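I am keeping these entries as I go through the structure. Each one notes what I looked up and what came back.

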Amino acid sequence: MGERDLGVQPVDGLMTGWGLTNHGLVDASTEQLNHKQVQKARKGRRLTLAMMQKLTRALNVAIWQRLGQEEREGYFEYLHRHLFSYAKGFDPAWRDPNRELMVKVCERGRQADG
């Protein structure tokens, strides 16, 4: 692993947990995010602060679009320090306050698929 390759990032786990694909994030972004950028972010290529923030906004929008009105009121908006282990302020012991909501949304998605 090179100096710029930092291993699979927390954003990868969050996207998987929320049932989001790279394409889903690209579609949700209003800022011309592309598939290659999302893939780099997930795999641990070091991104600039601006790119980390762009990806974080896209993730929040993609999740927001899956939530009902009441769920949105309780949604905790992710910050870039929750998505990238090399971001300033990253805490490996941080607990995701959206965990229960994530499970609920994914269950709903599975029921709709099946």
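**Entry: a buried charged pair**

I looked up R42 and D12 and found that both are buried. This is a predicted model, and I read every value below with that in mind. The side chains of R42 and D12 form a salt bridge, with N to O at 2.7 Å. R42 sits in helix α3 (residues 35-43) and D12 in helix α1 (residues 10-18), so I noted that the bridge links distant parts of the chain, 30 residues apart.

**Entry: the other salt bridges**

How many salt bridges does a search of the whole structure find? It finds five. As a reminder to myself, side chains of opposite charge can pair when their charged atoms come close.

I then took E31 and R57, whose side chains meet in a salt bridge at 2.8 Å, N to O. E31 is in the loop between α2 (22-28) and α3, while R57 is in helix α4 (residues 49-64), so this bridge ties together parts that are 26 residues apart in sequence. E31 has a relative accessible area of 26%, which makes it partly exposed. R57 is also partly exposed, at 41%.

Next I looked at K104, which forms a salt bridge with E71; their closest N and O atoms are 3.6 Å apart. K104 belongs to helix α7 and E71 to helix α5, and the pair links distant parts of the chain, 33 residues apart. E71 is buried, with a relative accessible area of 9%. I also noted that salt bridges with shared partners join E71, K104 and R108 into one network.

**Entry: aromatic rings**

I searched the whole structure for aromatic pairs and got seven. A pair of rings is described by the distance of the centres and the angle of the planes. Y75 and Y78 are both buried.

Why is the pair of Y78 and W94 edge-to-face? The planes of Y78 and W94 are at 75 degrees, with the ring centres 6.2 Å apart, and planes over 60 degrees apart count as edge-to-face. Y78 lies in the loop between α5 (69-74) and α6 (80-83), and W94 in the loop between α6 and α7 (99-113); the pair links distant parts of the chain, 16 residues apart. Y78 counts as buried because its relative accessibility is 2%. W94, at 28%, counts as partly exposed.

I then asked which residues form one aromatic cluster. They are W18, W64, Y75, F76, Y78 and W94.

**Entry: helix α1**

I checked burial along α1 and found V11, D12, L14, M15 and W18 buried. Seen down the axis of α1, these buried residues fall within an arc of 165 degrees, so they line one face of the helix. Just after α1, G19 takes a positive phi of about 75 degrees.

**Entry: the largest pocket**

I looked up the largest pocket and noted a volume of about 260 Å³. Its lining consists of P10, G13, L14, H82, F90, D91, P92, W94, R95, D96, R99 and M102. Which elements give two or more residues to this lining? They are α1 and α7. α1 gives the most, with three residues.

**Entry: two single residues**

I looked up L83, which is in helix α6. Buried or exposed? L83 counts as buried, at 0% relative accessibility. The C-alpha atoms of L83 and M52 are 8.2 Å apart, although these residues are separated by 31 residues along the chain.

Last, I checked Q32, in the loop between α2 and α3. Q32 is not a glycine, yet it has a positive phi of about 60 degrees. Most residues other than glycine have a negative phi. Q32 counts as exposed because its relative accessibility is 75%.

Methods:
Residues are numbered from 1 along each chain as its sequence is written. This is a predicted model: local features need pLDDT of at least 70, side-chain atom pairs count only at pLDDT 80 or more; totals for chains, interfaces and linings use all residues. Side-chain values use heavy atoms; hydrogens and water are left out. Rings of Phe, Tyr and Trp (its six-membered ring) pair if their centres lie within 6.5 Å; planes under 30 degrees apart count as stacked, over 60 as edge-to-face and the rest as tilted. Buried means under 20% relative accessible area, exposed over 50%, partly exposed in between (1.4 Å probe, protein chains only). Helices (H or I, at least four residues) and strands (E, at least two) are DSSP runs, numbered from the N terminus. A salt bridge is a side-chain nitrogen of Lys or Arg within 4 Å of a carboxyl oxygen of Asp or Glu. On a 1 Å grid over the protein atoms alone, a cavity is a set of points where a 1.4 Å probe fits but cannot get out, and a pocket is an open set with protein on both sides within 12 Å along at least five of seven lines; lining residues have an atom within 4 Å of a point. Grid points are joined across faces, edges and corners, and a volume is the space filled by probe spheres set on the points. The arc is that of the directions from the helix axis to the C-beta atoms.
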